[in-house]
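Subject: Handover of a structure and findings

Dear colleague,

I am handing over to you the structure shown below. Please look through it before reading the notes that come after it.

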Amino acid sequence: MTLPSATVRPVRRADLAAVAGIYEHYVLHSVATFDETPRPAEEWEAKLDELAVRGLPFLVAEEAGQVLGFAYAGPWRPKPAYRHTVEDTVYLAPDATGRGLGGALLAEVIDACARAGFRRMIAVIADTGSDASAALHRRFGFTDAGRLTAVGHKHGRWIDTLLLQRSLSDGSATGSTTRPAGPDGTPED
Ligand SMILES: CC(C)(COP(=O)(O)OP(=O)(O)OC[C@H]1O[C@@H](n2cnc3c(N)ncnc32)[C@H](O)[C@@H]1OP(=O)(O)O)[C@@H](O)C(=O)NCCC(=O)NCCS
């Protein structure tokens with residue numbers, strides 16, 4: 001996807017340092033993530049590999065050769081019956097917010113997961129005091145699924161998380177004929 005001057009494309013290994021830098025800002029200076037120490041480079045490498053194996057998207061927004069943000073979808077929970085459900089993550093560099101890049105990334109993540117046959121996407125949003133992430137997700141059809149009160153403690157305060165969810169393919173019934181792709185791209189059992 002191309003915005004007036006930014007492009008959304010799959011992450012490359014060479015982007016991971018920029019991705020780590022963007023995330024580190026929010027780890028250290030915000031409660032948007034409940035991580036409290038920056039993720040080492042090898043964890044980003046492992047995430048890239050894991051998502052690729054699962055057929056899940058990991059994208060960046062790039063402008064003039066600079067990574068301005070990233071988004072990916074990962075498994076919602078490790079237990080196997082959750083395998084049709086994913087959780088999205090979107091982070092923009094602090095000076096790249098408010099331009100629609102979050103929406104451009106989220107739209108592509110949703111499309112990629114729907115194409116791969118996943119059924120539900122969950123957003124876990126820390127109640128930071130800014131409503132940008134919840135507003136973004138609601139704009140993309142996510143509906144409120146609950147609030148977990150005071151489940152995080154960071155920077156000296158208790159933080160709630162909002163849960164939002166969205167369908168990626170039809171129906172909420174089990175027994176779907178559309179199944180997530182396995183590592184080799186074939187539907188999983
Ligand atoms: C959340 C984030 C991805 C949104 O991307 P973005 O490109 O900045 O989003 P947009 O500019 O399209 O704004 C999204 C919506 O939030 C609103 N918004 C933006 N800043 C806001 C603020 N401080 N308070 C309330 N609403 C705000 C916008 O008006 C817009 O609402 P609309 O869809 O009703 O028009 C981005 O701001 C970001 O990376 N924030 C920091 C990290 C973060 O919180 N990530 C999400 C973790 S779940």
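The notes below set out what was found, beginning with the chain as a whole and ending with single residues.

Please bear in mind throughout that this is a predicted model.

Overall arrangement

The protein chain contains four helices and seven strands. Followed along the sequence, these elements come in the order β-α-α-β-β-β-α-β-α-β-β. The chain has 189 residues, of which 26% count as buried. Among the contacts in the protein chain with a separation of 6 or more, 64% are between residues 24 or more positions apart.

Helix 1 and helix 2

Helix 1 covers residues 16-29 and helix 2 covers residues 41-54; their axes come within 10 Å and cross at roughly 115°. Angles of 65 to 115 degrees count as roughly perpendicular, and helix 1 and helix 2 are therefore roughly perpendicular to each other. The crossing of these two helices is right-handed. On the side of helix 1, the contact is made by Leu16, Val19 and Ala20, and on the side of helix 2 by Ala41, Trp44, Glu45 and Leu48. Sorted by class, the residues of this contact are six nonpolar, no polar and one charged.

The largest nonpolar core

The largest nonpolar core has 39 residues, and those touching the most other members are Leu59, Phe70, Leu105, Val109 and Cys113. At least two residues of this core come from each of the following: helix 1, strand 2 (58-63), strand 3 (66-75), strand 4 (85-92), helix 3 (101-115) and strand 5 (120-126). Helix 3 provides the largest share of the core, with eight residues.

Leaving out residues up to four places away in sequence, Cys113 touches Leu56, Pro57, Ala73, Val86, Phe118, Met121 and Leu168.

Tyr91

Tyr91 lies in strand 4. A residue is buried if 20 or more other C-beta atoms lie within 10 Å of its own; Tyr91 has 22 within 10 Å and is therefore buried. Residues up to four places away in sequence aside, Tyr91 touches Ile22, Tyr23, Tyr26, Gly69 and Phe70. Tyr91 and Tyr26 are 65 residues apart along the chain, while their C-alpha atoms are separated by 8.5 Å.

Gly152 counts as partly exposed, with 17 C-beta neighbours inside 10 Å. Beyond residues up to four places away in sequence, Gly152 touches Val31, Phe34, Ala126, Ile159 and Thr161. The C-alpha atoms of Gly152 and Thr33 are separated by 9.6 Å, although these residues are 119 residues apart along the chain.

Lys154 is also found in strand 6. With 16 other C-beta atoms within 10 Å, Lys154 is partly exposed. Its contacts, leaving aside neighbours within four places in sequence, are with Val31, Phe34, Glu36 and Ile159. Lys154 and Thr33 lie 121 residues apart in sequence and 9.4 Å apart in space, C-alpha to C-alpha.

His29 has its place in helix 1. This histidine, His29, is exposed, with 10 other C-beta atoms within 10 Å. Between His29 and His155, which are 126 residues apart along the chain, the C-alpha separation is 8.7 Å.

Two residues with positive phi

Which backbone angle sets Ala64 apart, given that Ala64 is not a glycine? Ala64 has a positive phi of about 50°. Ala64 is placed in the loop between strand 2 and strand 3. A residue is exposed if 12 or fewer other C-beta atoms lie within 10 Å of its own; Ala64 has 7 such neighbours and therefore counts as exposed.

Ala150 has a phi near 50°, again a positive value in a residue other than glycine. Ala150 is located in strand 6. Ala150 has 11 C-beta neighbours inside 10 Å and so counts as exposed.

Yours sincerely

Conventions. Residues numbered from 1 in each chain as written. Predicted model: local features only at pLDDT ≥ 70, side-chain atom pairs only at ≥ 80, totals over all residues. Axes fitted to C-alpha atoms, helices over the stretch in contact; angles between N-to-C directions. Parallel < 35°, antiparallel > 145°, perpendicular 65-115°, else oblique. Left-handed = near helix turned anticlockwise from the far one by under 90°. Contact = placed C-beta atoms within 7 Å. Nonpolar A, V, L, I, M, F, W, Y, C, P; charged D, E, K, R; others polar. Core = buried A, V, L, I, M, F, W, Y, C linked by C-beta atoms within 7 Å.
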